Amino acid sequence: PKKDPCHEAFYEAVGAWVEQFVASAPAQEDVLAVAMFLAETPVQYKGRDCYWFMFAAQGHMKPLIPLLNKESCKTVYDRLAECYKKYDRMPLQNDLLKMLKKAAK
């Protein structure tokens, strides 16, 4: 990844897709499905090079959070907390968890 910009292209492509998705006024269940996909997918590839690509792409979950209802925010919060234990979390997960917790109130 240091010599090949594919990780940046992946990150930008996911960001562009999320922007288009948000602009399409998606249904609640679709927003939840995308948020869950971004939350869960990296752990399925832990130990592989693509893990970090997918991990970084979780940042694109932020614009989805305001579109989620309180129940969905709690669902995503619980799953993210389950996938990334406190001792394994990076600042990105901590930020997402704070946002989700606040939105779930």
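Tutor: Once its neighbours within four places in sequence are set aside, Glu-40 is in contact with Arg-79 and Cys-83, where contact means heavy atoms within 4.5 Å. The C-alpha atoms of Glu-40 and Arg-79 are separated by 7.6 Å, although the two residues are 39 residues apart along the chain. Glu-40 belongs to helix α2; helices here are DSSP runs (H or I, at least four residues; strands are E, at least two), numbered from the N terminus. With a relative accessible area of 22%, Glu-40 is partly exposed, on a scale in which buried means under 20%, exposed over 50% and partly exposed in between, for a 1.4 Å probe and protein chains only.

Before going further, please keep in mind that this is a predicted model, in which local features need pLDDT of at least 70 and side-chain atom pairs count only at pLDDT 80 or more, while totals for chains, interfaces and linings use all residues. Residues are numbered from 1 along each chain as its sequence is written, and side-chain values use heavy atoms, with hydrogens and water left out.

From there we can turn to Gln-58, in the loop between α3 and α4. Gln-58 counts as buried because its relative accessibility is 0%. Leaving aside neighbours within four places in sequence, its contacts are Leu-38, Ala-39, Pro-42, Leu-80, Tyr-84, Leu-92, Gln-93 and Leu-96. Two of its partners are also joined to Gln-58 by polar contacts, that is, pairs of N or O atoms within 3.5 Å; within protein, one atom must be able to donate a hydrogen and the other to accept it, and residues adjacent in sequence count only if both atoms are side-chain atoms. The side chain of Gln-58 reaches that of Tyr-84 at 3.0 Å, and a polar contact of 2.7 Å joins the side chains of Gln-58 and Gln-93.

Gln-93 itself sits in helix α5 and is buried, its relative accessible area being 0%. Not counting residues up to four places away in sequence, Gln-93 touches Phe-55, Gln-58, Leu-80 and Tyr-84.

The structure holds six aromatic pairs, a pair being two rings of Phe, Tyr or Trp (its six-membered ring) whose centres lie within 6.5 Å, with planes under 30 degrees apart called stacked, over 60 edge-to-face and the rest tilted. In one of these pairs, the rings of Tyr-51 and Trp-52 have their planes at 80° and their centres 4.8 Å apart, so this pair is edge-to-face. Phe-55 and Tyr-84 make an edge-to-face pair as well, with 6.3 Å from centre to centre and 70° between the planes. Because Phe-55 lies in helix α3 (residues 50-57) and Tyr-84 in the loop between α4 (70-83) and α5 (91-104), this pair ties together parts that are 29 residues apart in sequence. Both Phe-55 and Tyr-84 are buried, and Tyr-51 counts as buried too, at 6% relative accessibility. Through ring pairs, Tyr-51, Trp-52, Phe-55 and Tyr-84 are linked into a cluster.

Helix α3 also packs against helix α1 (residues 6-23), at an angle of about 35° and with the axes 9 Å apart; axes are lines fitted to C-alpha atoms, for helices over the stretch in contact, and angles run from 0 to 180 degrees between N-to-C directions. The crossing of α1 and α3 is right-handed, the term for a near helix turned clockwise from the far one by less than a right angle, with anticlockwise giving left-handed. On the α1 side the residues are Cys-6, His-7, Phe-10, Tyr-11 and Val-14, and they meet Phe-53, Met-54, Ala-56 and Ala-57 of α3. By class, this contact has eight nonpolar residues, one polar and no charged ones, where Ala, Val, Leu, Ile, Met, Phe, Trp, Tyr, Cys and Pro count as nonpolar, Asp, Glu, Lys and Arg as charged, and the others, Gly among them, as polar.

Elsewhere in α5 is Met-99, which is partly exposed at 31% relative accessibility. Apart from neighbours within four places in sequence, Met-99 is in contact with Lys-62 and Ile-65.
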